[in-house]
Each structure stands twice: as C-alpha cells, then as structure tokens.
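This briefing summarises selected local features of one structure, grouped by topic. Please consult the sequence and the model alongside the text.

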Amino acid sequence: MFGQEKSEAWQNICSVYEKYKNINIRDLFTQDPDRAKKYTLVLGNLLFDYSKNRINDEIMAALFALARDCRLEEKISAMFGGRKINRTENRAVLHTALRHRDEEPVMLGSIDVMPQIKATLLKMRKFSEDVRLGKFCGYTGKKLTNIVNIGIGGSDLGPFMATSALKSYWAKDINCFFISNIDGTACAEVLNNINPEETLFIVASKTFTTIETLTNARTCRKWLVDALGEHAVANHFIALSTNREEVEKFGINPKNMFEFWDFVGGRYSMWSAIGMIICIAIGFENFEKMLDGAYAMDKHFAETDFEHNIPVILALIGIWYNNFYNIHRYCVIPYDQYLKYLPNYLQQLDMESNGKTFTFENKPANYATGPVLFGGAGTDVQHSFFQMLHQGTEIIPVDFIIPAISHNEIGNHHRILISNVLAQAEALMKGRSADEVASELEAKGMTKVEIGKIKNYKSFSGNRPSNMIVLRKIDPYSLGMLVAMYEHKVFVQGAIWNINSFDQFGVELGKKMALDILPEIEGMYSDIEHDASTASLIKYIRKIRK
C-alpha cells in the first residue's frame, strides 16, 4: 500500500530517492547517448518523450514496482470490467465503454451496456445530421446555425475544450456558444450576439436541477419566448438529461432528450450525449474519429506492460515529483492556439478527481495526493509565468504539447512555434551557469566588475524537468488519444494513492451554503448563524443593492 503502511516497494523508492535526489538531467544525457531513444514512446500519431526528467532505469524500476505493489493492474482490470470502483457512490466507472469500438460486450453486472450506448450514438448521429442539414429547424423554418450549450463543470469544460480544439472541422455555417457561469453576464454576452430564429439551446444537466444550468436555461427560455412565443421552445431546446419529467415541464419534447448514465462521471462525459455540440459542430463522422482515438489509448493502457505504457509512465513520473521531491504542482503548455482551453479542462479532470484527503480505508492520507495544475497556450505564457519556471525558487514540472503540422501553415509561423517549444524544454533542462554567463559577457567586452554585478541574474539553474508530447496534427483522432491519456494518468495516480478519483463531494458544500445565503441577499429573514465576516458582507452588499 502507498505511504502509510510503509511497504517494501515504498521503502525502496525512499532509498532510491536518497541515492539520486541530486541527479542532473544534463549529466544523464552526457552519460547516455541513447537516452532520448530509450525514454521515448510512440503510439500512432502521438509521441511521448520523457527523457528530460530526473529519472534513470533504477528509478523507473522502483516506480514500476510501486505500481505493482499497489495492485495497479488489478485496478485497471476492475475499471474496464465494470466493477463498482467508485465505492463512495457505489457506481461503476465505464466512460471507456462510450468509445468502445469492438463488437465485444462491456458488462455492468449481468447487463451489456453497449446496446444502449450504441442506440444513443445512433440517435445523436441522426439529430446532429438533421441540424447540420437543416432538417431539424427553428420555429419559423430557419436553419439552426447558432448552437448554445448550457451546462457547467463536465457538461461544459469537455465540450468547450473539444469544440475549440477542433475549430478547423466546424461546418462553415455553424457557430458554437457556451453558457456556464451563473453570472448574468455569461447569458447576456451570448444572447446579445445571436438570432432567436436561428438558435438551438442544448441544456446539459443529468438531474435537470443543477442551479447554475437551470437558471441560465430559464433565462434563455424567457428570451426565446419573448421573441417567438411559447410554442417555439420545442423547436429550439433539447436536453441532455435523465429526468424526463422535468425536461417535459420545461417544454422540451422528450424525443429530443438524450440520456447518459450513472457509470459516466461529469468530467468524463464528453464522449457521451454531453458531446452533442461537438457532433453538430464537426459532424458525427469526426466525433467517431475522436472516439476511435480515445479507444486506441484505452487499448494501449489496458493491454501494454507498465514499462511501455504511456499513461502509467506519465503518472509515475508525477508521483516521483509529488511524493518524493515534494513538488505539488505541474504545468501543461499546449503550443497550439486551438488547444488553449486544454489546461482548463485538465484542471477539473485532475484536481476534482484527485483532490482528496481520505483513502478507501476511510483514513486520512499521510502523504500528498492531487497536485495543483495550471497552464496556458505557448508562446503567450512565455511572457507571463515562464520567468518563474526558469528562475523561480519552486521547481515546476511541465508537459509540453505540440503538433508537428499546423492547420494554418502561414509563412514560417509554425516553424517558429516549434522552435520555441523545443528551446523552452531544452533551456529548462540545461540552464546556464554563472560562469557561462560571465564568459559570454566577457566576449562582449564587459569588465569583471560589470560582469560580477549581473552574472547571477542572467544565470539559470537548469535541471528542471519536462515531458514533450508531439502530435502529428490537432485532429479528432489525436485529440481523443490525448484526452484519454490524461484520463488514465489521473486514474493511475488515484489508484496508487488509494483514493477514489470518481466522486466530487468537495464541490457540494459551498453550493449548499450558497442556497442558504441566497434568501438573505434577496432581503428575507434567516435564522442561520454565519461567521462575523460573512454576516457583515451580506449586510454590506444588501445595503449597496437597495
């Protein structure tokens, strides 16, 4: 078991860490000319180079032993086998079934879930094609070209990220919009830019009771009804939900309700009906290619030995830094404008999954679990937080992502972009010593006194780790592979930390307390006792809003 029980595998890694904690990546490349080849894996259109890490064969062997000691292989089989590994909610975890592409059944107890998944996919295909072809049209007969997804969390971040990433594949007359924030500005900014006659609203809420989603949906419904009348709702709203009664109450035709299942968590749901806006934007054939890419990564993850398994290695390197170097953060930098929202999506995937304190034995973890994740699109972020990556006191491992081919090969833009990402990874690893700086400045004619004043400021410690993920191109298949890779990485880390990566109770408390505070903001009496700060803030804001 991890950490607390001090297993032999854990003790071994502690010893290995003490032996190699001052290891220098630059020296490792000098010592082994084949290092890059040894620590690079290729799966289809995805290359994973993890050679610029503080690792060697002995370290990796110890990490693989830890994974086996934590029964990782058994846990992977349990997930794919439909066992109820989400124990706190007594649910199976079968988002992988959503992109299962073989004819073999996927069992949940005694039930094969594939017939219902395939039926929903067929329904999604027909509806998305009908919208794209203008067969399903608005109340006045106009084609629906403005597609507005109303959801939050997994019902927003996944579809938003994927449609943005695949913008090159959108139908030319389709525009996609997303409303998630309860802030009225989110609604206003979308509604001010669309025509009600040409707008389809997709309301994504499993229970059809999520306060943010339903508040936004009702605002959009009123806007539509004010423009086109009550009878227009059925032509302009569809639901991604399981609550037929509430869907019908809203005015949505139940024929236009698309279901998903309890074995699919919100942050793993863009492969399901939650991906409807993706289907409409890029076409169902491209949506299927995204499923194909994810399935290819699923097979790789489920069938490949740990030593050549991309998600497993990615996860173990993260554990190496998080739990032995005590580096509790990492950064994801896609060098592609289409992938600029990928870090936002991965923040939910990683931190909502593994931001946990208690183990499966209901004991507090006495070791670090989920790290903090941040990021942004290169080269923009080179001019924001890269100063800290290179010269800050905190070491921050980085995942760099770059497509070899751009959808927009304009002039030499993409060659410059590629040179930047490769240079950043090399600079983080190599650094530049004060003596090297001094030599450069001396060659420029500076005096020793002048050099002494500035050489430290221009030096870089180096030895800062990174992974490089190279995709052929940002296409549906590659995106599917990439996202599934991170899903499985997060699962592996949760499995080794012995925590449940599939509940999210931490999301609920603040939302419940907000419902308690709302009547007070609206001026109603409440006998709820708040802390002095909250009570004072309620009083102050009410006074301003009068």
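Which residues form a nonpolar patch on the surface, and how much accessible area do they have together? In this predicted model, the patch consists of Leu537, Tyr540, Ile541 and Ile544, with about 420 Å² of accessible area together.

**Surface patch**
- Tyrosine 540, one of the patch residues, belongs to helix 22, which covers residues 532–545.
- Tyrosine 540 has a relative accessible area of 53%; because exposed means over 50%, this residue counts as exposed.

**Helix 1**
- Helix 1 comprises 13 residues (residues 8–20), so at 1.5 Å a residue it should span 18 Å, and the 18 Å between its end C-alpha atoms agrees with this.
- Ala9, Trp10, Ile13, Val16, Tyr17 and Tyr20 are the buried residues of helix 1.
- These residues cover an arc of only 120° around the axis and therefore lie on the same side of helix 1.
- An α-helix has 3.6 residues a turn, so residues three or four places apart point the same way.
- The buried residues of helix 1 pack against helix 4 (57–69) and helix 14 (310–324).
- Glu8 and Lys19 are exposed on the other side of helix 1.

**Isoleucine 85**
- Isoleucine 85 is located in the loop between helix 5 (72–80) and strand 3 (107–108).
- With a relative accessible area of 17%, isoleucine 85 is buried, because the cut-off for buried is under 20%.
- Leaving aside neighbours within four places in sequence, the contacts of isoleucine 85 include Met79, Val93, Phe360, Phe491 and Phe502.
- Between isoleucine 85 and proline 465 there are 33 Å in space, C-alpha to C-alpha, and the two are 380 residues apart in sequence.

Methods: Residues numbered from 1 in each chain as written. Predicted model: local features only at pLDDT ≥ 70, side-chain atom pairs only at ≥ 80, totals over all residues. Heavy atoms only, no water. Patch = residues over 30% accessible without salt bridge, like charges linked within 9 Å, V, L, I, M, F, W, Y side chains within 5 Å. Areas by Shrake-Rupley, 256 points an atom, 1.4 Å probe, with all protein chains shown as cover. Salt bridge = Lys/Arg side-chain N within 4 Å of Asp/Glu carboxyl O. Helix = DSSP H or I, 4+ residues; strand = E, 2+ residues; numbered from the N terminus. Buried < 20%, exposed > 50% of the residue type's maximum accessible area, 1.4 Å probe, protein only. Expected span 1.5 Å × (residues − 1). Arc of directions from axis to C-beta. Contact = heavy atoms within 4.5 Å.
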